[in-house]
Amino acid sequence: MLKAPNLEDCRVTSGVFRERMELNKKYLKELDPICLLQNFYLEAGIILPDMQVISEPEKANLHWGWESPACQLRGHFLGHWMSAAAMLSVSDDDSELKAKLSKIIDELERCQIRNGGKWVGSIPEKYFKFMESDDYIWSPQYTMHKTLMGLVDAYRYAGIEKALKIADALADWYIEWAKSIENTAPFTVFKGEQGGMLEEWCILFELTRDPKYQKLMDIYRENALYHKLEQHRDALTDDHANASIPLSHGAAELYESTGEERWKIISEEFWAQAVTQRGMFATSGANSGEFWIPANSQGSYLGDTDQEFCTVYNMVRLTDFLYRRTGNTDYADYIERALYNGFLAQQNMRSGMPAYFLPLAAGSRKKWGSKRHDFWCCHGTMVQAQTLYPRLIWYTEGNTVTVAQYIPSEAKLDICGSKVRLSQCTELKNLNNQVFFDEDEGGEKSRWSLRFDIECDTPTEFTLRFRLPWWLKTTPQVILDGEPIQADIADNYLMISKAWQKSTIQLLLTPKLTAEPLPDMPETAALLDGPIVLAGMTDKDIGLQGDLSAPETFLHRRTTHEYKTYVWKQNTYVTRHQPVNIEFKPLYEVTDEVYTVYFSKR
């Protein structure tokens, strides 16, 4: 079982992922704690001067959109905020966020006391009564799951003891509620988008070993979707995508908690049905309008509501469970694709705000959320997503260290009792000051020219494994301490085993350009540079002349000074030999421009 380092032991250091984390962190700090707590205060009967609704409501100091006091999902965002703040307070050692989080936890305790000592909701308890009677109500368990998740993460990452105390009292409320309906409406526990609840009960049981969490796990574990997955029946087509994926997290966490083979089968079957059997857009998504599309039908669903961001985030979380369990590089490849073409592509590179969907029809434009007037579900998962990178890069298992993602970062690990420090960055020269690429001879700089530094307190024997991505054009070049070597390759990993103390590895990965056709429209394809989807700067599918299996025959890399100087701006091309030539650039760099991802062959 692969293990990611503790958050305090891994940090993203530079490059586009660090830039996006900084945007996100700045936004988390901008938000007013009173506004974040507004619906908890209102539910507890606490009215603060800044919250008073004046004669012009639009001027009131409140959060609006899905956080409006009139929305039935009000309060969901704070849980996402708490989770993100907890992770950053540790991985970035950010004392400002830690203090703000601690203050919010204090205020939640105040609200819980005012509510009678158990309920700590931003919505009324009676919403659960509406579920029992089949009166329509918009996802109360979804909303409450976010609060519970935020409390659990504040405790397990940031170490705030009071958060666990609040969550524990809320769990007592759930025990009482489940008991009150066990004879009259027991299946109510599976209503209201309850998918994430099981995972939190599992985590709380692992943290506390309190049998009441075992009881809650038992109450929430028999979901109808699980039975379909066990029987290998199509459980997903036309199902609400983001309501279903958290159920897979619960199954994956149950397997880690109990070792029961059933939950292993269910979580792996979910991924197979969502990805392998269904196929996906080049960007990693397989949903349209919030629902799973039929298998291999992506071309029929190109539109303005493809790839809801919540599904990207939650599928990466499931995939990380499976990658840690198996070490299968197919999972790590999927994560990489989702990071570039979801986590980055659906975050505004200037404001940090999310795009709810990623439009993939010809002539699309991304629709960005605002900082205080939308608060969609994807708004919440986006602030969490940008804190996840440190946990996806480095893994250990016994005397093996695995590099799963190529993101500039540093990690402190314990290998067989020895303290080991590792870092990776983009590096264009080797120790003898010789460039990997000679630009005068037609070479170029690359984001995939990487340097790894290894330092150990004492000589330590271990194997360093590097994932070999699906998009490699040639066998990687490896230089160890200034000397080229031929490293071992097995199971899509490049491996170097030795007694380490202080070494430098330079690794050159050469990406290939690929055209990825739609399964139901093979004459129409998206273009990728390595794992990065390229967007054509055009308002229509102009068609492409040439061999789609060899995009280099009709794409020409930009060679302006800007693109040769800045490694992170390298993936920009212009077409050639076309009736109309256009520019292609990474989809994640597209902000307000009109773009097209899929092009037909002329």
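Here is a chat about a few strands, helices and loops of this predicted model.

Reader: Before I dig in, what are the ground rules on numbering and confidence?
Author: Residues are numbered from 1 along each chain as its sequence is written, and side-chain values use heavy atoms, leaving out hydrogens and water. It's a predicted model, where local features need pLDDT of at least 70 and side-chain atom pairs count only at pLDDT 80 or more, while totals for chains, interfaces and linings use all residues.

Reader: OK, strand β6 then. Which residues are on the covered face?
Author: S409, A411, L413 and I415 are on the covered face of β6 (residues 409-415), and E410, K412 and D414 are on the uncovered one. Strands here are DSSP runs of E with at least two residues, helices are runs of H or I with at least four, and both are numbered from the N terminus.

Reader: What does β6 pair with?
Author: Strand β1 (residues 10-12) is joined to β6 by three bridges, antiparallel, and C10 has A411 as its bridge partner. Strand β7 (residues 418-426) is joined to β6 by seven bridges, also running antiparallel, with R421 as the partner of K412. Pairing here requires that DSSP finds at least two bridges between the strands.

Reader: And what's in the turn between β6 and β7?
Author: That hairpin has two residues between the strands, and C416 takes a positive phi near 50 degrees.

Reader: Which other residues have a positive phi?
Author: S284 is one, with phi near 110 degrees, and E290 is another, near 80 degrees. Most residues other than glycine have a negative phi.

Reader: Where do S284 and E290 sit, and are they buried or exposed?
Author: S284 is in the loop between α13 and β2 (287-288), and at 4% relative accessibility S284 is buried. E290 is in the loop between β2 and β3 (291-292), and E290 is buried too, at 19%. Buried means under 20% relative accessible area, exposed means over 50%, and partly exposed is in between, with a 1.4 Å probe and protein chains only.

Reader: Switching to helices. How do α12 and α14 cross?
Author: The axes of α12 (residues 241-258) and α14 (residues 309-326) come within 9 Å and cross at roughly 20 degrees. That makes α12 roughly parallel to α14. Axes are lines fitted to C-alpha atoms, for helices over the stretch in contact, with angles from 0 to 180 degrees between N-to-C directions. Under 35 degrees counts as roughly parallel, over 145 as roughly antiparallel, 65 to 115 as roughly perpendicular, and the rest as oblique.

Reader: Which residues make that contact?
Author: From α12 they include I245, H249 and A252, and from α14 they include M315, L318 and F321. Contact means heavy atoms within 4.5 Å.

Reader: I've got W271 on screen. Buried or exposed?
Author: W271 lies in helix α13 (residues 261-276), and at 8% relative accessibility W271 counts as buried.

Reader: What does W271 touch?
Author: Not counting residues up to four places away in sequence, W271 touches T276, M315, L318, T319, L322, Y331 and Y334. W271 and T319 are 48 residues apart in sequence and 7.5 Å apart in space, C-alpha to C-alpha.

Reader: Last one: how do α7 and α9 cross?
Author: The axes of α7 (residues 140-156) and α9 (residues 197-208) come within 9 Å, crossing at roughly 25 degrees. The two helices are therefore roughly parallel to each other.
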